[in-house]
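Keep the view open as you read.

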Amino acid sequence: MHLAYPAVLSVLLFCTGLYGVLARRNAILVLMSVELMLNAVNLNLVAFDVWLSRAAQETLHSGQALTLFTITIAAAEIGIGLAIVLAVYRNRGTSDIDKLRDTAEGHGDDTGGSGGDAPAGEKAEATA
């Protein structure tokens, strides 16, 4: 089999994952898209490892070893990512990334500048 076939498939998988990361709003779908991108990298590593082992006399299989490390790190990443998403969902009630930006902005309840921070004397002058 030629090297071009797995390379093209890897590019298609990576582009699909990149689109999923950029276009999705659900945090779980974003994590799935990141996993798809990592699987595309794994496919590339194994394909180039097989191609290089045919060309050289040495069979180190370093691409397959790197793939195992990548799978291990991806499993840990998805476990921690899902735990964070579940904790945020329990606290906020949503996993929509756009709505989660409100945590840094004070939950979106703007009082217009005349909130309850002014002393009673200043409130009396404002009404007079």
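By class, eight nonpolar, one polar and one charged residues line the largest pocket. Here Ala, Val, Leu, Ile, Met, Phe, Trp, Tyr, Cys and Pro count as nonpolar, Asp, Glu, Lys and Arg as charged, and the others, Gly among them, as polar. The model is predicted: local features need pLDDT of at least 70, side-chain atom pairs count only at pLDDT 80 or more, and totals for chains, interfaces and linings use all residues. Residues are numbered from 1 along each chain as its sequence is written, and side-chain values use heavy atoms, with hydrogens and water left out.

The lining consists of Met 1, His 2, Leu 3, Pro 6, Leu 43, Val 46, Ala 47, Val 50, Trp 51 and Arg 54. A pocket is an open set of points on a 1 Å grid over the protein atoms alone, where a 1.4 Å probe fits, with protein on both sides within 12 Å along at least five of seven lines; lining residues have an atom within 4 Å of a point. Helix 2 (residues 27–55) gives the most to this lining, with six residues. Helices are DSSP runs of H or I with at least four residues, strands are runs of E with at least two, and both are numbered from the N terminus. The volume of the largest pocket is about 200 Å³. That volume is the space filled by probe spheres set on the points, with grid points joined across faces, edges and corners.

Now turn to the second largest pocket, with a volume of about 160 Å³. Twelve residues line it, and the closest to its centre are Asp 49, Leu 52, Leu 60, His 61 and Ser 62. Helix 2 and helix 3 (62–92) are the elements that give two or more residues to this lining. The largest share, five residues, comes from helix 2. By class, the lining of the second largest pocket holds five nonpolar, five polar and two charged residues.

How do helix 2 and helix 3 cross? Their axes come within 9 Å and cross at roughly 175°. Axes are lines fitted to C-alpha atoms, for helices over the stretch in contact, and angles run from 0 to 180 degrees between N-to-C directions. Helix 2 is therefore roughly antiparallel to helix 3, a term for angles over 145 degrees. Their contact (heavy atoms within 4.5 Å) involves 14 nonpolar, seven polar and three charged residues.

Step back to the whole protein. It has five helices and zero strands. Buried residues (under 20% relative accessible area, 1.4 Å probe, protein chains only) make up 19% of the 128 residues.

Technical notes:
Parallel < 35°, antiparallel > 145°, perpendicular 65-115°, else oblique. Buried < 20%, exposed > 50% of the residue type's maximum accessible area, 1.4 Å probe, protein only.
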